[in-house]
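Please keep the sequence and the structure in view while reading.

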Amino acid sequence: MSTAPETPAGAPGADAGEMSYVYAVGREGPALDGLAARLAGVDGRPLRPVAGGGLCALVSPVPADAFSERGLAAQMEDLDRLEAVARAHHAVVDAAFAETSVLPMRLATVYLDDARVAAMLVGQRDQFQELLGRLEGHVELGVKVYADPRAAATAPADPAAATSSGAGAGRAYLRRRQAQQRDSQDVYQAASDLAARAAHLAEGVASSRAVHRPQQGQLAARAGVNVTNEAYLVPRDHAARLHRELAALADGAPGVAIEVTGPWAPYSFATAVVAEGADGGGPR
C-alpha cells in the first residue's frame, strides 16, 4: 500500500483508521449527490459524494484494518462476510444505475482517503467521460449455456442385459459405455451449437460482447457444466426483447440449457479501467 498524502484535519477521509470505499463513478451533479444522502453502503455506513474533474464517486468509510490487503484477504475467506459486502456493494450500484449513468467499481475498490479518490477521478477523467458516453442508455445481459450429459443418459435397451452375467454382461457394459460416450458428445455439441446461435442473435443487437471464464462448482447456477459465460452490452430499449429471444433458443434438448440474466448495470464493460491505483486489497 502506498503512503497517503497529507489530508487536512477534519476533512473527509482524514481518519487514519478509515479508508474510502468506492462503489460507482458518474458525472458530477444533483443525481449522485441526492443518492449519497439517502443510501448506505457496506456495514450500513453512510455514503458521501466525492467530486473531481467534473465526475463524482459514491464513497463510504470502511475500517482500514479490515480493508487493507491483508484484512480484505481474511474477509474474502469468510463466505458469509463476502456475500454481505457484495450485497451492499451491488445495492448501491443498482440504486445509482436506476437513476443515472454510472461506472460500477469492482468489489472492494478502496483508497486511503477521499483526496486519493478525487485525484483518481481527475487522473482518469477523459477515460471515464468517454466510457460514460459509450455506456449511457445501455444495460448488460448475461448469457450462460450449460451441458449436463447425465440428464440425457441413454437407458439400457434391454433391462435384462444389465443383470446378466459372463460374456454377455461384459458386452452389455461396453454397449452402455459407448452409448454414454455418444450421449455426452451429443450434449456438448448441442450446447456448443446453442451458444453459437445465442452469440449470433445477440450480435445483431448488442454494442459489445464480453467473454468470461465459465463458472464451476458452487459458482455455477445449474447442474452440469457451464460451457459458455458471456455478457452483452445492449441498448436499454432493446433489452427486454433480446432477453425473450435468447431464452426462447432453448428447445428442450435433453441435457442442454441456457440462462439469460439481467438487465444489469454494465459491470463487464465498465470496471476494467477503474481499479488502477487503488490503495487497498481490492482488485487492480
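In which sense, parallel or antiparallel, do strand 5 and strand 7 pair, and over how many bridges? Strand 5 (residues 138-147) and strand 7 (residues 225-235) are joined by 10 bridges in the antiparallel sense; two strands count as paired if DSSP finds at least two bridges between them. His138 has Pro235 of strand 7 as its bridge partner.

The model is predicted: local features need pLDDT of at least 70, side-chain atom pairs count only at pLDDT 80 or more, and totals for chains, interfaces and linings use all residues. Residues are numbered from 1 along each chain as its sequence is written, and side-chain values use heavy atoms, with hydrogens and water left out.

The pairing belongs to an open antiparallel sheet of 4 strands, in the order 6-7-5-8. At its edges lie strand 6 (208-212) and strand 8 (256-264), each of which pairs on one side only. On average, neighbouring strands of this sheet are turned by 20° against each other, direction ignored. Helix 8 (residues 236-247) packs on the sheet and touches strand 5, strand 7 and strand 8; its direction makes about 155° with that of strand 7 (axes are lines fitted to C-alpha atoms, for helices over the stretch in contact, and angles run from 0 to 180 degrees between N-to-C directions).

The protein chain as a whole has 9 helices and 8 strands, which are DSSP runs numbered from the N terminus (helices H or I, at least four residues; strands E, at least two). Of its 284 residues, 43% count as buried, that is, under 20% relative accessible area with a 1.4 Å probe, protein chains only. Among contacts (heavy atoms within 4.5 Å) with a separation of 6 or more, 81% join residues 24 or more positions apart.

Technical notes:
Buried < 20%, exposed > 50% of the residue type's maximum accessible area, 1.4 Å probe, protein only.
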